[in-house]
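Subject: The structure we talked about

Hi,

Here is the structure I promised to pass on. Have a look at it first, and then read my notes below.

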There are 2 protein chains.
Amino acid sequence: MPWLASFHRGLFSAIGLLAMVTNVMGKDSADLLVVGATVVTMGADRQVIDDGGIAVRDGKIIAVGNSAELKDKFDATRTLQGDGAVLMPGLVNAHGHAAMTLFRGLADDKALMDWLRNYIFPAEAKFVDEAFVRAGTRLGVLEMLLGGTTTYVDMYYFEDAVADETAKAGMRGVIGQAMIDFPAPDYKTWDATLAGTEAFLKKWKGHRLITAAPAPHAPYTVSSEHLQAAKELAAKYSAPLIIHLAETQDEVENSKKQFQATPTVHLDRLGFLGPNVIAKHVVWATDEEMLILKKHGVGIAHCPQSNMKLASGIAPVPQMLKLGLGVGLGTDGAASNNDLDMWGEIGTVAMLHKVNLRDPTVIAAREAVAMATIDGARAVHLEDKIGSLEIGKEADFILVDVTAPHVVPMYDVYSHLAYAVKASDVRTVAVAGKLVVDDRKPTTLDPVKIVAEAREYRDRIRTLLAK
Amino acid sequence: MPWLASFHRGLFSAIGLLAMVTNVMGKDSADLLVVGATVVTMGADRQVIDDGGIAVRDGKIIAVGNSAELKDKFDATRTLQGDGAVLMPGLVNAHGHAAMTLFRGLADDKALMDWLRNYIFPAEAKFVDEAFVRAGTRLGVLEMLLGGTTTYVDMYYFEDAVADETAKAGMRGVIGQAMIDFPAPDYKTWDATLAGTEAFLKKWKGHRLITAAPAPHAPYTVSSEHLQAAKELAAKYSAPLIIHLAETQDEVENSKKQFQATPTVHLDRLGFLGPNVIAKHVVWATDEEMLILKKHGVGIAHCPQSNMKLASGIAPVPQMLKLGLGVGLGTDGAASNNDLDMWGEIGTVAMLHKVNLRDPTVIAAREAVAMATIDGARAVHLEDKIGSLEIGKEADFILVDVTAPHVVPMYDVYSHLAYAVKASDVRTVAVAGKLVVDDRKPTTLDPVKIVAEAREYRDRIRTLLAK
């Protein structure tokens, strides 16, 4: 029908004219333009733009496109040249304990119970107070930002202080207050835990960067009744609900004995599972259990390096992805990894499952990158806000330099992001449009002071453990 | 016996006096002193010196000790301050194909035969000539040096050019000329291969940095007769003998059909195995086969990331170590890894076998570091020359900065070297006493030119593959 085509051409011409008129009348304003980069959007169509960028206003992405168009359309307060770099969404670290960065490498290569009882628990009992948590969080946040992580999920004690340090650093966080059935460094009773967690949720409700969450530690350390109370609290404040789940085979066996159910089935029976739950590890899950998690919209934080180092097992991630579960990547704490480097997790997840299934085609490069960005956002239930470079989303982005010898030549950008790029290639990091790392320099944190603090704690902790 | 103690004291005083006299009479000369570092010697006693260093003369280590003693004893042409750094032996990359760095990420996540037949072989047939090999070697050597690798084992074509580029860059290499039973980019017939390889061995014999070696590709690509010829050639020139061995389960099954023996038993029957052999991968080996390899003093190049990414399998490394085999670490080529980063292999080897055996105590941090240094040297049969900081050895050393946020605090130096340090932490690299990377700047190679060359090849190769 030629008349219809003609009508369409007419319409497009009118739009083109309108665009020209807008240009003549003056450009749109933007706070920040990034141009000249290879843009990996991680949007639904996985669009890659060879010479492109984004425009940012009020901390949000208002345009994604090629460089010439963006420069034509916007007058920006600041323009970042992305030459030689990949522009992509900031990474999402779906599971960690930032304050434990002060315990980095405190003890390795131990059986889990030896490690916990003879190293971590004594050190925690003696040292973990609010000041420790603040110092550890600053160190962890600094490491994560420098390596391109813009959002992280935390679970530890004194999380109001964690939220405060995270917000001050300009990082985004899903900050989980640990809830556990024995006296903790912050709260000595369940009632105090519950009251403290509620005050924490109330205080941070509506904050742009901080999503406060109750974080009952695990099904084996929190009673059924208390798990339900935590769930109710999350519901009351429309908060996420964070829990360790099915990390070790022992946990599954013990759960079967205690509850006549695996941890996943136990949580399902309690009505704990729902579309706000973030389940950490989930190493041991049957197909049936994965379907339960899928049905409830539970997000999964897969921690390949932690699971390897602690010999927990290899999670059935390719199967989870096949079933459509939202699976993100997490570093776990630096006491059991021993870094907070998401690039290591991306490479590991892409390689580990190939050898485990003896199939070199599973978890391809692009899929691994997705798990650290858009799928990670989905796993932590923030996919409406972050995880891709799309109009309307928060301007959480990174520029990754791809000019060093170890990342040339480049045939495929996803291949490099999955298998060759290092944390040290990250040159610029922005959260909600604010540059928190500018040409490799942190703008909100003082590395010299943070490193010195960490060493002071190390000296004191080492003295204690030598006794 | 007090008189004996008294005699000893007298003797020590006399030695002390002698030392003082020597000082008065003038210090010993050294070309280079490194002081103020945490020294990880990797010597037999695994000594660690908190504030120490080494003295170097004529490219060899002439003293290892604490900083004050060294400064007292030596007048040096140059002194390097190792403050905030770990001083340790340069890393040994026991298996790679440096020139293939130009194929980095050319194709990933493919089944092996698809990858080889549709990507690597066509690209090799079209592009691999001496100029390509030189450009690729420069890029690979640059990446390795910047990341702290001082010795690598290579296997590819045009290895005289590889040796030349490696020597010019001031790197140490065991340079293996590929020998294969079909027309290769350099030699079209077996006779030409044999003659060319002999000329290559003769030319480089006695070179301080280059150890030339015949490298028959694998038992499935080289006939029994030709394997024996390669062995004789190695014997004639007292050269190492490099071969891929038992990398995939298919290789083992095919070998059983063709030779009624596994690849290892096949080589044993041929009399191929000996204390100069470096066997790459050895993913599939029974206890009995490991004992055969042990009996002959064969060195093993374990490539954990390549074996994971290509889904080859998980080599029985903890068992090899228990049996006393010399096992080093290799990156394999950048076409199948996709980097030449030994720190990634160290971390991976420490984690992979833990989860595989479900035992968090196997391959502890120090053992993983040993596999990249002294055990690596043993695997490539250079343990008398390199792999540890000991008097009389070649001064192949690196300074690794441990002040960045991702490596603080430090409780245990081996833990950090295994689990937290990145290639980007390497600040100084010396081979035979010569600084080839000085405060992160390469002194022998031009990164701008090398990166530009790599991109030119990429553009041409991409055009070919698009056809």
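Let's start with a question: which residue caps the N-terminal end of H13(A)? The capping residue is A:Asp341, which places a side-chain oxygen 2.9 Å from the backbone nitrogen of A:Trp343. Before you go further, keep in mind that this is a predicted model.

**Helix H13 in chain A**

H13 of chain A covers residues 342-357, which makes 16 residues. Is H13(A) enclosed or open? Of its 16 residues, 14 are buried, so the rest of the structure largely encloses this helix. Just after the helix ends, A:Arg358 takes a positive phi of about 55°.

B:Thr348 sits in helix H13 of that chain, residues 342-357. Its relative accessible area is 7%, and because buried means under 20%, B:Thr348 counts as buried. Setting aside neighbours within four places in sequence, B:Thr348 is in contact with B:Pro304, B:Gln305 and B:Met308. Take B:Met308: it is 40 residues away from B:Thr348 in sequence, yet the two C-alpha atoms are 9.8 Å apart in space.

**Helix H10 in chain A**

Now go to helix H10, residues 287-295 of chain A, where A:Glu289, A:Met290, A:Ile292 and A:Leu293 are buried. Seen down the axis of H10(A), these buried residues fall within an arc of 155°, so they line one face of the helix. What covers them? The cover includes strand S10 (241-245), helix H9 (263-269), strand S12 (299-302) and helix H12 (317-322), all of chain A. On the face turned away from the buried side you'll find the exposed residues A:Glu288 and A:Lys295. Just after H10(A) comes A:Gly297, with a positive phi of about 70°.

**A loop residue in chain B**

B:Thr373 is in the loop between helix H14 (365-371) and helix H15 (374-379) of chain B. Is B:Thr373 buried or exposed? Its relative accessibility is 0%, so B:Thr373 counts as buried. Not counting residues up to four places away in sequence, B:Thr373 touches several residues, among them B:Met42, B:Met88, B:Pro89 and B:Gly387. B:Gly313, by contrast, is 60 residues from B:Thr373 in sequence and 24 Å from it in space, C-alpha to C-alpha.

**How the two chains go together**

Chain A can be laid on chain B with an RMSD of 0.0 Å, using a turn of 180° and a shift of 0.0 Å along the axis. The two copies are thus related as by a two-fold rotation axis. In chain A, the C-alpha nearest that axis belongs to A:Ser424, 3.2 Å away from it. Both copies use the same surface: 100% of the contact residues of chain A recur in chain B.

At 13% relative accessibility, B:Arg458 counts as buried. Leaving aside neighbours within four places in sequence, B:Arg458 is in contact with A:Pro409, A:Met410 and A:Tyr411. A polar atom of the B:Arg458 side chain lies 2.9 Å from the backbone oxygen of A:Met410.

Methods: Residues numbered from 1 in each chain as written. Chains lettered and ligands numbered in written order. Predicted model: local features only at pLDDT ≥ 70, side-chain atom pairs only at ≥ 80, totals over all residues. Heavy atoms only, no water. Helix = DSSP H or I, 4+ residues; strand = E, 2+ residues; numbered from the N terminus. Expected span 1.5 Å × (residues − 1). Buried < 20%, exposed > 50% of the residue type's maximum accessible area, 1.4 Å probe, protein only. Polar contact = N/O pair within 3.5 Å; in protein donor to acceptor, adjacent residues only side chain to side chain. Contact = heavy atoms within 4.5 Å. Arc of directions from axis to C-beta. Least-squares fit on C-alpha atoms with pLDDT ≥ 70 in both.
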